[in-house]
Amino acid sequence: MMNYIWSGMLIAGLVFSYFTGNPSGFTDGLMESSEEAVTFMISLAGVMAAWSGLMEIASKSGLVDRMSFLVMPFIKLLFPKEKDKDTIAMILMSFTANIFGAGNSATVFALKTMERLDASNRRSIYASNAMCMFTAVSMSMLQLVPVNIIMFRKELGSEDPGIIIIPSIVAALVSMFVSIAVCRFFEKRSPRY
């Protein structure tokens, strides 16, 4: 599907530049945006490398284990039927990485978590309640420091890129609680999964 979307965008750009009498506008825009994308990705890679390193330090120092102990009641509340300790550990690592703003690092743990939840769901064609809950909470997870957004704001010239921390925490909490409530509502309608 994405191939069709990208192809359509490229063809639309070519047609637009042809009919506006500016055929070089398409190639100029393409080259300029490609250069900006590479610069942006390099700066993003630096931030993600720093956060991944901090997560590794937190893991080896035992901070992640202590946080896991603190959030275990929350995990048990969200996933009451989950008994596998390795799956719970993956859920905790994914949530912890998200909370600390290392979303790309969380993706690895999230994929492993979904594999384990899918195996416990007997590879059914239907997602289990635990799989739906994990996806909903992961997508709406609170970030204490939204590193990527702060970096975007700084790159775009914001005078105070960190001013969005408190509003983003409030919005994330509301979003997370709504996601959990919606999942619980549908779990009650189809408890067999």
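Biologist: What makes Arg-122 count as exposed?

Modeller: Its relative accessibility is 73%, and the cut-offs are these: buried is under 20% relative accessible area, exposed is over 50%, and partly exposed is in between, using a 1.4 Å probe and protein chains only. At 73%, Arg-122 therefore counts as exposed. Bear in mind that this is a predicted model, where local features need pLDDT of at least 70 and side-chain atom pairs count only at pLDDT 80 or more, while totals for chains, interfaces and linings use all residues. Residues are numbered from 1 along each chain as its sequence is written, and side-chain values use heavy atoms, with hydrogens and water left out.

Biologist: Where does Arg-122 sit, and what is its phi?

Modeller: Arg-122 is in the loop between H5 and H6. Its phi is positive, about 60°, although Arg-122 is not a glycine. Arg-123 lies in that loop between H5 and H6 too, with a positive phi near 50°. Most residues other than glycine have a negative phi.

Biologist: Why is the pairing of Arg-123 with Asp-118 called a salt bridge?

Modeller: The term asks for a side-chain nitrogen of Lys or Arg within 4 Å of a carboxyl oxygen of Asp or Glu. Arg-123 and Asp-118 meet at 3.2 Å, N to O, so the pair passes. Arg-123 is exposed at 56%, whereas Asp-118 lies in helix H5. Asp-118 also touches Ser-124 and Met-131, leaving out residues up to four places away in sequence; contact here means heavy atoms within 4.5 Å.

Biologist: How many salt bridges does the structure hold?

Modeller: There are 3. One of them joins the side chains of Asp-84 and Arg-116 at 2.6 Å, N to O. Asp-84 lies in the loop between H3 and H4 and Arg-116 in helix H5, so this pair ties together parts that are 32 residues apart in sequence. Both partners are partly exposed: Asp-84 at 30%, Arg-116 at 32%.

Biologist: What makes Arg-184 and Glu-187 a salt bridge?

Modeller: Their closest N and O atoms are 2.6 Å apart, so they fall within the 4 Å limit. Both lie in helix H8, 3 residues apart, about one turn of the helix. Arg-184 is partly exposed at 22%, but Glu-187, at 15%, counts as buried.

Biologist: Which other residues of H8 are buried?

Modeller: Among them are Ala-172, Met-176, Ser-179, Ile-180 and Cys-183. Ser-179 comes in at 17%, so it goes under the buried cut-off. Beyond its sequence neighbours, Ser-179 touches Ala-136 and Ser-140.

Biologist: How do you know that the length of H8 is close to what is expected?

Modeller: The expected span is 1.5 Å times one less than the number of residues. H8 has 25 residues and reaches 36 Å from first C-alpha to last, close to the expected 36 Å.

Biologist: What makes a set of residues a nonpolar core?

Modeller: The members are buried Ala, Val, Leu, Ile, Met, Phe, Trp, Tyr and Cys residues joined through side-chain atoms within 4.5 Å. The largest core has 21 residues, and Ile-75, Leu-78, Phe-79, Phe-95, Met-133, Phe-134 and Val-137 touch the most other members. Elements that give two or more residues to this core are H3, H4, H5, H6 and H8. Setting aside neighbours within four places in sequence, Val-137 is in contact with Leu-78, Phe-95, Met-176 and Ile-180.

Biologist: Why is Glu-82 called buried?

Modeller: Its relative accessible area is 11%, so Glu-82 falls under the 20% limit. Glu-82 is found in the loop between H3 and H4. Its contacts, apart from close sequence neighbours, are Lys-76, Thr-87, Ile-88, Leu-117 and Ser-120.

Note on methods: Helices (H or I, at least four residues) and strands (E, at least two) are DSSP runs, numbered from the N terminus.
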